[in-house]
Amino acid sequence: MNTLQRIGIGVAALLLSFGLLAPQSAEATHFRGMYVYVTDTGPGGEVEIRVVQFWRYSAFGTSFNAFGNLDGNEPAVGDVLDPTNQPFTFAISLGDGTSYGDDPSETWTVTGLDSSQDWIVIEATFTHTYSTEGQKTISLDDCCRIGDLTRKNNQGFNVEATIDTENLGTTTSSGPFVGVSQGTNVTYQIPSTNPDNDQLRFRLATPSEMGASSSNPPNLSINSTTGEITWDNSGEAQGSLHALQVIIEEYDQGVDPANNDPKATVPSDFMFKITGVGNDQPVCELDPSSTTVSSGTPVSIDVTGSDPTGDADDDDQDGNTVRISSTSLPGGSLNPNPQVGPSPQTATFDWTPNSTGTFNAQFSVGDGLTTTLCTATIDVVQQKTCADGVPTLGQDDIDKQNGTLKNTISDGDGVEKFTFSTLDGFEVGSISPSSGFDRSGNTWTWTGSGEPPTSVDFTLEATQSTATYFLEATDACDDPEPNTTTFDPTYELGPGVSQPTLAGNAPNPFGERTTVEFALPEQARVTVAVYDMMGRKVATLVDGVKGVGTHTLRWNGESDRGQALSSGVYLLRMRADGQSETRRMTIVR
């Protein structure tokens, strides 16, 4: 299916500032969290798994030089870690009796770090085949993860996601630090999205789900439907840290969560920091925040971090400084990574995808006290295979009598844009289809929903006897770029006369009906009427604007009142462009 499935979003990186950890390093933990991405790549249970783990940077320090293939005593983005030569395990259980991270070939790559915020991100991408499709459990168990720093309760941890190989899992971008005020009714909304519109249910993790002795902060509850947290933290000290784990359960629409097991569960760990009044979350902005591109097309996203001046974090040694880093990327790189400087700062994520699916790129913006995460969604579609050929123009259908020209622009990839670059003696009469195209001057551009039409009909109306139009048409092909064709036809549309001409009527004499013919060298207002021999007008045949060319009309010999005129001689008179011509006609009853 080539569909990216984010199926185990475990933990939004719990990123701690260096100064906050210093007085409790003996009790602090190493592990922060884990994300899991799975892409269905083949028949059966074959998937591509990408695992993103977050760890405490200060837990490793110079011991990273023991991991092999590093640039020095400190890690850097791009370094590759040997999983068998490290003081802590990075191995994860894949839920079918196998694991990743126990073999020297099962390496991890450093994709983001910030020593001042005390976090490091490592990633691994590999292919795995499950013998059966359906629910699996991907997990990581080790010692030790933060339970509640205030109470120094950090005995062990467990991150466990129940996934389904045919389900698009929920994503969450809860910040690694969530700065909250102090009070009796503090609220926080868990940000989450679900690509396949499942019914979501939110609950607090149990101690056994979080780890051996871990627990969520007291006096805290969550709305199971909306994911809004309510917390009475009036008894907690300002500046204290409190780890929290929320379980997001997924159900099909219409399923009763009270009587059914979820088809997937997503653990999300993050940390509340009671900042009191005076510190706001830094802001992370993405441009664009979501985009759709073809496979093989470069993607560029600007990540801008800002933080209000006057925040509590402005009192630290860095002042009003923000740090932008990547926490999870589908590929490519963030440049620079990290980007550090006075607010605001911008870094750019560049990536050229080579497979289809829905991908997420996650970034962090820290202000020295708290950190905000933001996620860009990238939908990668199959690059369109263009039909052979370029836009074509059919044969002009010229109606000299009415002074019109009709034709059709065609292209198998769709007509994206067309321009009448020259209209000399022509006016655009109509375009079909007219809806979906946006007109600017004599240019029509497809802005409608769906693919542009493969053919467009147009009608031009002549305003003079010799008329010219030049046309440029562009198709919707993107392999490697659209095709444009130019057409430069010229036509003689007039009757070959230099002034308005009344040819008369035929047959003449007539009894029941006759045909009247006249010609115009250019568009003009025309009156054709019948008079009796006393000069009285008895019938009006034409009174209006007519285009260039020869015109004919049929008359049944009746007056304007619908009465048949008696036998006799009458005068047929045409007035156009300030000129007049008269012909005799005879009615024989």
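Author: D198 and K263 form a salt bridge, with 2.9 Å between the closest N and O atoms; the term stands for a side-chain nitrogen of Lys or Arg within 4 Å of a carboxyl oxygen of Asp or Glu. The pair links distant parts of the chain, 65 residues apart: D198 sits in the loop between β14 (192-193) and β15 (199-204), and K263 in the loop between β18 (241-251) and β19 (264-274). Strands are DSSP runs of E of at least two residues, numbered from the N terminus. Both D198 and K263 are buried, that is, under 20% relative accessible area, where exposed is over 50% and partly exposed lies in between (1.4 Å probe, protein chains only).

The model is predicted: local features need pLDDT of at least 70, side-chain atom pairs count only at pLDDT 80 or more, and totals for chains, interfaces and linings use all residues. Residues are numbered from 1 along each chain as its sequence is written, and side-chain values use heavy atoms, leaving out hydrogens and water.

D252 is partly exposed, at 40% relative accessibility.

Another salt bridge joins R201 and E249 (2.8 Å, N to O). R201 belongs to strand β15 and E249 to strand β18, so the pair ties together parts 48 residues apart in sequence. R201 is partly exposed at 29% relative accessibility, whereas E249 is buried at 6%. The whole structure has 7 salt bridges.

Note on methods. Helices (H or I, at least four residues) and strands (E, at least two) are DSSP runs, numbered from the N terminus.
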